[in-house]
Amino acid sequence: MTNISIANTESKNHNWQKTRKKLVPFAYLSPTIALLTVLSLIPIAIVFYYSLMDNVIITRDAPSFVGISNYVDIITDSVFLEALSNTLFLTIVSVVAHLIIGLAFAMLLNTEVISPMTRALFRVVYILPWVFTASIIAILWRLMLNPNGIINYLLMWSNLVSHQIEWLGSREVALYAVTFINIWAGYPFYMVSLLAGLQGISKDLYEAGTIDGASRIQLFRYITLPQLKPIILSLAMLDFIWTTHQFTLIWMTTGGGPIRSTEVLSTFTYKLAFSSYKFSLASANAFIILTLSIVVALFYVRNQKATGE
Amino acid sequence: MMSRSVKYGITKTLILIALMTGALFAGFPVLWMLSSSFKSNTEIFAYPPSFISDAFTLEAYIAVLTNPEQLRFFFNSYLVSIMVTLFTLVVGILGGYSFSRYDFKFKKSINLIIIGVQAVPPITLMIPYFGLIVALKLYNTYWALILTYMVFTLPYAIIMMTGYFNTLPRDLDEAVLIDGGTSLVALWRVLVPISIPGIVSIGVYTFMLAWNEFLFALTLTKTNDMRTVPVGIQLLMGQHSYEWNQMMAMSVLGSLPVLLLFLIFQRYFIAGMSAGSVKG
């Protein structure tokens, strides 16, 4: 009798120890799980709920379920389509330009013709745009692109243009100007990663190529680019996600104007919610952006898995 | 036929020219910011423009540094960024330890959620956040910003810490466990001290993100005494009729912390960033 009870308590103790051991990793993760649940998963659920309802947040009437009608309204809205096309223009041109400038600078910094000290100095200068926050970058370029600013002065002095241009104030060029600023702000991230990638390519490959009589262009085309391909893909996808989320830079340079010519998905959502108080429509829009980002992110994860192992 | 040394000389000159052009593209706007911050506001759009104005003046800096409202922006930014960095590191180290050393149920799905959170657009969270932060009674407080920023800094910290701990042999912490120490002791006394390079690079990155954040700082705070530097600069733009020299002085002052951190920890930081972005 006693024996059995002792055995029982022992096995109970044993079980308890086992459960405790199982709980340890969760204890370590508990602050993370709590934070991400309350401030990420629940908000996403709420935004999805809002997007299917009418009369949410600021309203006297009870919310009512309307199904996908908010989504239909958004997708057929001409401003949404304009914002979507502006976002795609900004994103695709930025990604391509970032890649070209980042790769060019990385290769310049990787040439052995120049002494390491000089290269280190230039590297710091080239990274500079990275240390400035988007709101500071926005103000700086507003100063420089002001009709009376230094950019117009330099362009007119060198006879490239004949009159002052309203870079951020005219419908024709505002989107190009904002895209240019975003390109200036974002290439260092590519440069740094690609430089690390270039330094990781084995010199034997180039030597073998040279012995086979390959020209410089051929070395670049058949050795450098294929070796950098996984890094380039990762960078492009991350940049794609980040640029489609860009808010601060647009908000503080043009605010989406003039007349929607630089409206992007995030400024459009912000205005729908906090200027027009159309929270249901804004939520539907926000959920569309989320879905687009998750799709790109899934490609990213797949690419990481394919190259990482 | 050109001799080798001539050819080498031409290549070198061409590369130097290309390097200078690039430096102009990257550095000129930054020089212009510096130059404008030392001008009086009437000289900002002087014609013809000058780099180093005859009337070199510190008036913009003095104006910013003697204005208690603007000093408060800096105080807020430092406080929030330092708190975010500390909390992110502690929570991130615990999370990374769990992922690196334990096998448990839902490990893969939790990991996937943490990776996925990084792709969530800030604007998507914005709408429910406003109500949520008000409901939690955090609106217009430091905690609203600190907890919000951690949503964006924590996933990176955990992923990087997991990777870092994975490179350290398990024998290290198992030795502590055999001697009767708890897993927490193993983490704190053994793993953390040898992970300092990784922790520093994550810390710098976290500080940068927090220091630079704009959208949530704009929406989740209301009164000027709770504003951070990025939002404060925007206020400066609206309040006074374009005090460009002051805005540039504040931009320079607002960029200094990140610039200094970057220059000091350049090596760690670049290694960490490129490892994080490229290898995951």
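Reader: Which residues line the largest cavity?

Author: Rolling a probe the size of a water molecule over the atoms shows where empty space is left. A cavity here is a set of points, on a 1 Å grid over the protein atoms alone, where a 1.4 Å probe fits but cannot get out, and lining residues have an atom within 4 Å of a point. From chain A, the lining of the largest cavity takes A:L143, A:N148, A:G149 and A:I150; from chain B, it takes B:W32, B:I44, B:F45, B:A46 and B:P49. This is a predicted model, where local features need pLDDT of at least 70, side-chain atom pairs count only at pLDDT 80 or more, and totals for chains, interfaces and linings use all residues. Residues are numbered from 1 along each chain as its sequence is written, chains are lettered from A in the order in which they are written, and side-chain values use heavy atoms, without hydrogens and water.

Reader: How much space lies in the largest cavity?

Author: About 60 Å³, a volume being the space filled by probe spheres set on the grid points, which are joined across faces, edges and corners.

Reader: Is A:G102 buried or exposed?

Author: Buried (under 20% relative accessible area, 1.4 Å probe, protein chains only), because the relative accessible area of A:G102 is 0%. A:G102 belongs to helix α3, residues 78-110 of chain A (a helix is a DSSP run of H or I, at least four residues, numbered from the N terminus).

Reader: What does A:M191 touch?

Author: Beyond four places in sequence, A:M191 has contacts (heavy atoms within 4.5 Å) with residues including A:G102, A:F105 and A:Y126.

Methods: Helix = DSSP H or I, 4+ residues; strand = E, 2+ residues; numbered from the N terminus. Buried < 20%, exposed > 50% of the residue type's maximum accessible area, 1.4 Å probe, protein only. 1 Å grid on protein atoms, 1.4 Å probe; cavity = no way out; pocket = protein on both sides within 12 Å on 5 of 7 lines; lining within 4 Å.
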